[in-house]
Amino acid sequence: MAGKWFDELEEGFQLVHEVRRTVTEADNMMFSNMTMNPQPLHIDHDFAANSEWGQPLVNSMFTLSLVIGISVQELTLGTLVAQLGITDVKFPAPVFHGDTIQVKTTVVSRRESKSRPDAGIVEFRHEAFKQDGTLVAECIRQAFMRKRPADAGAA
């Protein structure tokens, strides 16, 4: 299993995810269209060129989805029971077409499940940085994670 078991996710554990992703204009347009978001800052080059940004902004909800998606392979693939929530979402700097995003995850807290002895709740802090090191997104994510089954073997 590529994801981490609850048992492996101690408070303070950090992981800089190996996969990075360059955001394209097509990503931004497709996401904005699929979510029916007509914000001209995302989809209208002329409008955006005359804004304080001077160019289209990448849809922040795409950025948030990308942050969580990048973390899946090394963190929750096959070990997640359910995502419980995302809080404290911040976008301190803009993302533009051509920016490359890398994500760092830190385990903020964890606790045993009160209702399921085979799982626990982990709180992650995800931080996303673009190629120059600028923090562009952060959030706290609560996840219901499976414990390592007895037949899964050691890490």
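Student: Which residues touch the most other members of the largest nonpolar core?

Tutor: In the largest nonpolar core, which has 14 residues, V23, I101 and A128 touch the most other members. A nonpolar core here is a set of buried Ala, Val, Leu, Ile, Met, Phe, Trp, Tyr and Cys residues joined through side-chain atoms within 4.5 Å. Buried means under 20% relative accessible area, exposed means over 50%, and partly exposed lies in between, with a 1.4 Å probe and protein chains only.

Student: Which elements give two or more residues to this core?

Tutor: They are α4, β4 (100-112) and β6 (135-146). Helix α4 gives the most to this core, with four residues. Helices (H or I, at least four residues) and strands (E, at least two) are DSSP runs, numbered from the N terminus.

Student: What is I101 in contact with?

Tutor: Leaving aside neighbours within four places in sequence, I101 is in contact with R20, R21, V23, L66, I70, V95, A128, F129, K130 and V136. Contact means heavy atoms within 4.5 Å.

Student: Before we continue, what should I know about the model and its numbering?

Tutor: This is a predicted model, in which local features need pLDDT of at least 70 and side-chain atom pairs count only at pLDDT 80 or more, while totals for chains, interfaces and linings use all residues. Residues are numbered from 1 along each chain as its sequence is written, and side-chain values use heavy atoms, with hydrogens and water left out.

Student: Understood. How many helices and strands does the protein chain have?

Tutor: The protein chain has four helices and six strands. Along the sequence, their order is β-β-α-α-α-α-β-β-β-β. The C-alpha atoms fill a box of roughly 60 × 30 × 25 Å, taken along the principal axes.

Student: How many residues are in the protein chain, and what share counts as buried?

Tutor: The protein chain has 155 residues, and 40% of them count as buried. Among its contacts with a separation of 6 or more, 72% are between residues 24 or more positions apart.

Student: Turning to α1, which of its residues are buried?

Tutor: In α1 (residues 25-34), the buried residues are D27, N28, F31 and S32. Seen down the helix axis, the buried residues of α1 fall within an arc of 115°, so they line one face of the helix. That arc is taken from the directions from the helix axis to the C-beta atoms.

Student: Which exposed residues are on the face turned away from that buried side?

Tutor: Those are A26 and M34. The buried residues of α1, in turn, pack against β2 (21-22), α2 (40-43) and α4 (60-75).

Student: Where is M36 found, and is it buried or exposed?

Tutor: M36 is found in the loop between α1 and α2. At 73% relative accessibility, M36 counts as exposed. Its phi is positive, about 55°, although M36 is not a glycine.

Student: What is phi for D88, and where is its place?

Tutor: Phi of D88 is near 50°, a positive value in a residue other than glycine. D88 has its place in strand β3 (residues 80-90).

Student: Finally, why does T63 count as buried?

Tutor: T63 counts as buried because its relative accessibility is 5%. T63 is found in helix α4 and, not counting residues up to four places away in sequence, touches V58, F91, V95 and A137.
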